[in-house]
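Please look over the sequence and the model first.

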Amino acid sequence: MEKQNFYDLSFDRLKIFLIEKADVPEKQAKMRGEQMFNAVYKKNIKTFDELTTFGLELREKIKNLISLKKPKIVDVQTSADGTIKFLIQFDNNRQTETVLIPDKTKTRYTICLSVSTGCHLSCQFCATAQIPKKMVRNLMPSEIVTQIILSKEYIDDWKTTKTVSNIVMMGQGENLLSIPNLSTFIKIVKDKNGLFYGRTRITISSVGLLNKVGEISAIEHVARELDVYLAWSLHSSLNSQRSELMAINEKFSINDLIPELKKYYEITKLPIFIEYIALEDNLSDEHAKALIKIMKKVPSKLNLIEYNPLANRNFKAATKEKIDKFSKTIQDNGFLALFRKSKGRDINASCGSLALKKIN
Ligand code: SF4
């Protein structure tokens, strides 16, 4: 019988597992679950032999039932600016990428996680979309949470002052196409006995889909159940151009998404981050006007992202003058606009560049 992977279990699921499979009395399940979460996530034990708060008999039982299996880091690239990119390998030769982006002090890192291997969608400006679709599969919660564990081990987070302080789900994959796994993952990272990240330290990104979870939209579900920042990949404020950049816009247009994004804010009271790559031809006055209209409806902040050219695409990055003018127009209308310079460009670790390529 295959063992249960510990990293796939939320705290509530672990309690049930302990009662049903390990014969832990119901009254003790909470305490035992806390001891296990603490040992794994706060002390980073490598085997259950180190679970010394459990008696020998129960420890042996747990060892036979649950594994602490993790994927492997098979390649590490470090950028001149300190950004680190990991190539992570799962069973059946499937791979994904994880990126650690340092702050100025080089002690605090934002981790950019992938939610799948490759991506189901086909955004034109994104290298991940060019990974063959037959390679695409959603990652299990354990395969997402262990990206954090492996990265923390790499920087020696548990023993030094270095730390993974923020989580952004902006690597490979579309988050709203992986709701059950994403939900378990977020429960684990927010749990006070687990990695214990606060709601404002986690950002989920999405192109914006109107798929449903039960009776409500996936966007509303994320607001109600996960309660973290949402970043909306807009990239053009004009529908016709957005459809050219992102085929999904044909199905779920900007106007279709606005009511759901508004609702997201009303439920969480967290502004939406609008993600917008700075291209030569998506920063005109007409684009600014359309974007201001959107921002008047959806409480939001604008993140302009430096475009990283792809070899087989004809997009041109916007000039600094164009970016400055566009940002100023947005700010003059009372909204926050930030320009984010790319990090990790020399190792293909920046936004839209994750394509499982090694740099030699
Ligand atoms: S931008 Fe995101 S959703 Fe679009 S293809 Fe790339 S990974 Fe997928």
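The notes below cover the domains, the sheet, its strands and the ligand shell.

This is a predicted model, in which local features need pLDDT of at least 70 and side-chain atom pairs count only at pLDDT 80 or more, while totals for chains, interfaces and linings use all residues. Residues are numbered from 1 along each chain as its sequence is written. The chain is divided into domain 1 (4-67) and domain 2 (72-347), with bounds that come from an automatic or database domain assignment.

**Domains**

- The centres of domain 1 and domain 2, taken over C-alpha atoms, are separated by 33 Å.
- Domain 1 gives 10 residues to the contact and domain 2 gives 13 residues; two residues are in contact if their C-beta atoms, placed from the backbone, lie within 7 Å.
- On the side of domain 1 that touches domain 2, helix 2 (residues 26-42) supplies the largest share, four residues.
- Helices (H or I, at least four residues) and strands (E, at least two) are DSSP runs, numbered from the N terminus.
- That side of domain 1 has four nonpolar, four polar and two charged residues. Here Ala, Val, Leu, Ile, Met, Phe, Trp, Tyr, Cys and Pro count as nonpolar, Asp, Glu, Lys and Arg as charged, and the others, Gly among them, as polar.

- An open sheet of 10 strands runs in the order 3-4-5-6-9-10-13-14-15-16, with mixed pairing. Two strands pair if DSSP finds at least two bridges between them.
- Its edge strands, each pairing on one side only, are strand 3 (72-78) and strand 16 (337-340).
- From one strand to the next the twist averages 25 degrees; axes are lines fitted to C-alpha atoms, for helices over the stretch in contact, and angles run from 0 to 180 degrees between N-to-C directions.

- Strand 13 (residues 229-233) is largely enclosed by the rest of the structure, because five of its five residues are buried. A residue is buried if 20 or more other C-beta atoms lie within 10 Å of its own, with C-beta atoms placed from the backbone.
- Tyr-229, Ala-231 and Ser-233 lie on one side of strand 13, Leu-230 and Trp-232 on the other, and all are buried.
- Strand 10 (residues 202-206) runs parallel to strand 13 and is joined to it by four bridges; Ser-206 has Trp-232 as its bridge partner.
- Strand 14 (residues 272-278) is also parallel to strand 13, with three bridges, and Trp-232 has Ile-274 as its bridge partner there.

- Six of the eight residues of strand 5 (residues 95-102) are buried.
- Strand 4 (residues 84-89) and strand 5 run antiparallel and share six bridges, with Ile-88 partnered by Thr-96.
- Five residues lie between strand 4 and strand 5 in their hairpin, where Asn-92 takes a positive phi near 60 degrees.
- Strand 5 and strand 6 (residues 108-112) are antiparallel, joined by four bridges; Pro-102 is partnered by Tyr-109.

**Strands 15 and 16**

- Four bridges connect strand 15 (residues 300-306) with strand 16 in parallel, and Leu-302 stands opposite Ala-337.
- Helix 10 (residues 320-332) lies across strand 14, strand 15 and strand 16, at about 155 degrees to strand 16.

**Ligand shell**

- Among the residues around the ligand are Cys-119, Cys-123, Cys-126, Glu-174 and Ser-233; a residue is near a molecule if its C-beta atom, placed from the backbone, lies within 6 Å of it.
- The shell has six nonpolar, four polar and one charged residues.

Definitions and conventions:
Buried ≥ 20, exposed ≤ 12 C-beta atoms within 10 Å, placed from the backbone.
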